[in-house]
Amino acid sequence: LCLTNTIKENHTIANLTAYPNPFTSSTTLEFNPTVTKNISISILNVVGRTVKNIPTKKLQSGENKITMYLSALNPGIYFCQINSLENLQTIRLIKR
């Protein structure tokens, strides 16, 4: 009998924050992927409709910052989703 241990890496996007939040024209996402990965970013309105997509980017592990220019959005509540193959994270944004 042979036993094999499988260790699954933790491929998370840690410490997701947005500042300023609330914002008027732009906000900066800050987060720390644990490994280098491709991510896509979507901005959704309160009913879940995508109002903006940011092209897929390859990010290195460690601290990353992405400034999003969202002055065309109407004031209100939005959700920002960061999606990788292993993980989906959402943060609430408030546009003034």
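Which residue forms a salt bridge with K37? The partner is E86, and the closest N and O atoms are 3.6 Å apart. The views below start with the whole chain and return to this pair.

This is a predicted model, in which local features need pLDDT of at least 70, side-chain atom pairs count only at pLDDT 80 or more, and totals for chains, interfaces and linings use all residues. Residues are numbered from 1 along each chain as its sequence is written, and side-chain values use heavy atoms, with hydrogens and water left out.

**View 1. The protein chain has seven strands and zero helices.** Strands (E, at least two residues) and helices (H or I, at least four residues) are DSSP runs, numbered from the N terminus. The order of elements is β-β-β-β-β-β-β. Of the 96 residues, 34% are buried (buried means under 20% relative accessible area, exposed over 50%, partly exposed in between; 1.4 Å probe, protein chains only). The accessible surface is about 6,300 Å², and carbon and sulfur atoms hold 49% of that surface (Shrake-Rupley method, 1.4 Å probe). Among contacts with a separation of 6 or more, 57% join residues 24 or more positions apart (contact means heavy atoms within 4.5 Å).

**View 2. An open sheet has three strands in the order β1-β2-β5.** The pairing is antiparallel (two strands pair if DSSP finds at least two bridges between them). β1 (13-19) and β5 (64-69) each have a single partner strand, so one side of each lacks a neighbour in the sheet. On average, neighbouring strands are turned by 20° against each other, direction ignored (axes are lines fitted to C-alpha atoms, and angles run from 0 to 180 degrees between N-to-C directions). Five bridges connect β1 with β2. I13 has P33 in β2 as its bridge partner. The two strands make a hairpin with six residues between them. β2 (residues 26-33) pairs with β5 over six bridges. There, T28 has T67 as its bridge partner.

**View 3. Strand β3 pairs with β4 and with β6.** β3 covers residues 37-44, and six of its eight residues are buried. Seven antiparallel bridges link β3 to β4 (residues 50-59). I43 faces K52 in β4. Five residues lie between the strands of this hairpin, where G48 takes a positive phi near 90°. β3 and β6 run antiparallel and share five bridges. L44 has F79 in β6 as its bridge partner.

**View 4. K65 forms salt bridges with E30 and with E63.** A salt bridge is a side-chain nitrogen of Lys or Arg within 4 Å of a carboxyl oxygen of Asp or Glu. The structure holds three. K65 and E30 meet at 3.9 Å, N to O. K65 is in strand β5 and E30 is in strand β2, 35 residues apart. For K65 and E63, the closest N and O atoms are 3.8 Å apart. E63 is exposed, at 55% relative accessible area. Shared partners join E30, E63 and K65 into one network.

**View 5. E86 and K37 form a salt bridge.** E86 sits in the loop between β6 and β7 (87-95), K37 in strand β3, and 49 residues separate them. E86 is partly exposed, at 46% relative accessible area.

**View 6. S84 lies in strand β6 (residues 76-84).** S84 is buried, with a relative accessible area of 6%. Not counting residues up to four places away in sequence, S84 touches I13, K37, N38 and I39.
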